[in-house]
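Here is a walk through one protein model, written for someone who would rather look at the structure than at a list. Keep the viewer open while you read.

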Amino acid sequence: MRDTRVGTERTPARVVGGWMLRHPRTMGSTTAVGTAGVTLGYQTVLWAAGIAVLAGASWRLLDAPTFDRFAGRLVRAWWRRWAIYQRQWMRVVASCGLVTSDHRGDSLVPKLVAVRSNWVWDSLHIRMAKGQEPEDYGQALDRLANSFKAQAASMRILKPGKIALDFQRREPFNEMVIPLPAMPESVDAVDLRKLEIGRTEFGRPFHLDLVKRDIHVLLAGETGAGKGSWLWGIQRALAPMIRAGHVRLWVIDPKGGMELGGGREMYHRFADSDRAGLALMREYVQTLDERKFELGRQGIRDASPSRETPLDVLICDELAAMTAYTDRDIRMEFHQLLSKGLTQFRAVGGRIIAATQEPTKDVVPMRGLFPTKIALRVDSASYVDMCLGEGMRDLGAFADKIPAYLAGVAYAKNDGRKEPQRVRAAFSTDDDIAELVAFCTELNNVTPIRKEVELPDGTVTNPYEVDFEEFEDDELEEIEHFEGDEDDEEIA
Ligand SMILES: Nc1ncnc2c1ncn2[C@@H]1O[C@H](COP(=O)(O)OP(=O)(O)OP(=O)(O)O)[C@@H](O)[C@H]1O
């Protein structure tokens, strides 16, 4: 058999020379070790190698995530290439029917160009043999996965003639139990830089930093992917600050309050329809705008959360209902307000957490304004890069491959980190949510909510838009469940 580059005479010298040119790193390291052995003596080189192995092993033992990020994945990719993929390549591609032949009957074998590896996935970069198309590999995926004893496999087109085959080697979340973090007892126990939400694939706690790094968070995931566990996890981590009035939650759940309605008592503002959501958003932006000018006048550049200057966290579940599948006037204004919220209020305590099933340009045209993006299981491969950023799927964020039974698992990417992290959020049951709401409301520090109300004339409307001065006192009494501005001022 011969490889795809036909027409050259394969003398032993050419084969060896070609191999050396094609593997500069292996050649470079072998040459460096050989030279060091000759100049310093082989004993010294052996000692140095022993110390390096010992240091690497200790590093891995003490801090597996950083070891894997900076060294482990390179060593593993190199090792697995030579020990597994390259060694078995010929046999596997031949038995999977991926060897073709040319007009002379010579075999044309696809070439394994490179291997990349992260904790869960190995990616094999392949130059296809002449006459092949990516679909040939698509059809052979299960056979390839079985041959390399992988749990799952997928294929990506890198450029014309070149593809990547991705093999999932392990699923750490199959065995890992993600404990629900204990609810912090007091404000002092909450570190806004380290809000524990779940665990990474290495079993380490995963934190969000609402102070500097993760100031606005975009969550994308198809229905049932587990967006709720992230949204409740964030609220749970903030509980004592919500209770003390140092954090105020402005919540838009335009699907009728299905997901977050259970927490309405602890929210500063709550809207369960698109129109009410827009009114809430207006008020949010106006509040923070006023605070911005007020603090600016006082010369305060960075307010720390307190009852006077609370951290105002806006949570919007199902963003599409506000930005795409609604009336044009709502959509347009909401886009504008959201963009303002994302760009102007960092220093005055404005934070936005938004969830969507589709991270497309129509739904989130301002994706780039979210420094932190989290992709749960998504519908299609293209959604991964749409959510996390260009090239993230090529870096191993296979959010479209997260199995349905692993709800809450996601790839998290923030601006300070090149590669996404694979994470699972802890799950809050209905009882946990009830406990959270009871805890947050027990001191009566949470401003009462506003919601849609029925007016005396029978129309259902949004209190934000009602001019109550138009009504007589007795008419006002008929408006049920409405608690207004006086309460807000009392609390503030
Ligand atoms: N972190 C998690 N760990 C374990 N199971 C989870 C987790 N998150 C969610 N689940 C399970 O998945 C189910 C669906 O989760 P959830 O309602 O949060 O999805 P969603 O993404 O919000 O869906 P939708 O967009 O339809 O509201 C939950 O009822 C629960 O059984």
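Start at the pairing of Ala152, whose bridge partner in strand 7 is Gln168. Further along, Ile157 has Ile163 as its bridge partner in strand 7. Before going on, note that this is a predicted model, where local features need pLDDT of at least 70 and side-chain atom pairs count only at pLDDT 80 or more, while totals for chains, interfaces and linings use all residues. Residue numbers run from 1 along each chain as its sequence is written. Helices (H or I, at least four residues) and strands (E, at least two) are DSSP runs, numbered from the N terminus.

Strand 6 and strand 7 (residues 162–168) run antiparallel and are joined by seven bridges. Their hairpin has two residues between the strands, and Gly161 there takes a positive phi near 85 degrees. Both strands sit in an open, antiparallel sheet of four strands with the order 4-5-7-6; two strands pair if DSSP finds at least two bridges between them. At the edges are strand 4 (111–117) and strand 6, each pairing on one side only. From one strand to the next, the twist averages 20 degrees. Helix 4 lies across strand 4 and strand 5, at about 145 degrees to strand 4. For such angles, axes are lines fitted to C-alpha atoms, for helices over the stretch in contact, and the values run from 0 to 180 degrees between N-to-C directions.

Now zoom out. The domain assignment gives domain 1 (2–170) and domain 2 (181–451); the bounds come from an automatic or database domain assignment. Taken over C-alpha atoms, the two domain centres are 41 Å apart. The contact between them uses 11 residues from domain 1 and nine residues from domain 2, with residues in contact if their C-beta atoms, placed from the backbone, lie within 7 Å. Which elements give two or more residues to the domain 1 side? They are helix 4 (64–95), strand 5 (121–127) and strand 6 (152–159). Strand 6 gives the most, with three residues.

The other sheet is open too, with 10 strands in the order 9-8-17-16-15-10-14-13-11-12 and mixed pairing. Strand 9 (205–208) and strand 12 (269–271) are at its edges with a single partner strand each, so one side of each has no neighbour in the sheet. Here the twist averages 25 degrees from one strand to the next. Strand 8 (residues 195–200) pairs with strand 9 in the antiparallel sense over four bridges, and Leu195 has Leu208 of strand 9 as its bridge partner. Helix 8 packs on this sheet, touching several strands, among them strand 8, strand 10 (216–220) and strand 17, and its direction makes about 140 degrees with that of strand 8.

Helix 8 also turns up at the ligand. Of the 15 residues around the ligand, Gly226, Gly228, Ser229, Ala407 and Gly408 come nearest; a residue is near a molecule if its C-beta atom, placed from the backbone, lies within 6 Å of it. Helix 8 (227–237) and strand 17 (421–425) are the elements giving two or more residues to that shell, and helix 8 has the largest share, with three residues.

Elsewhere, helix 10 (residues 274–298) and helix 12 (residues 328–344) have axes that come within 10 Å and cross at roughly 35 degrees. Residues that meet there include Leu278 and Met281 in helix 10, and Phe334 and Leu337 in helix 12.

Here is the make-up of three of these residue groups. Ala, Val, Leu, Ile, Met, Phe, Trp, Tyr, Cys and Pro count as nonpolar, Asp, Glu, Lys and Arg as charged, and the others, Gly among them, as polar.

| Side of domain 1 that touches domain 2 | six residues | three residues | two residues |

Conventions. Contact = placed C-beta atoms within 7 Å.
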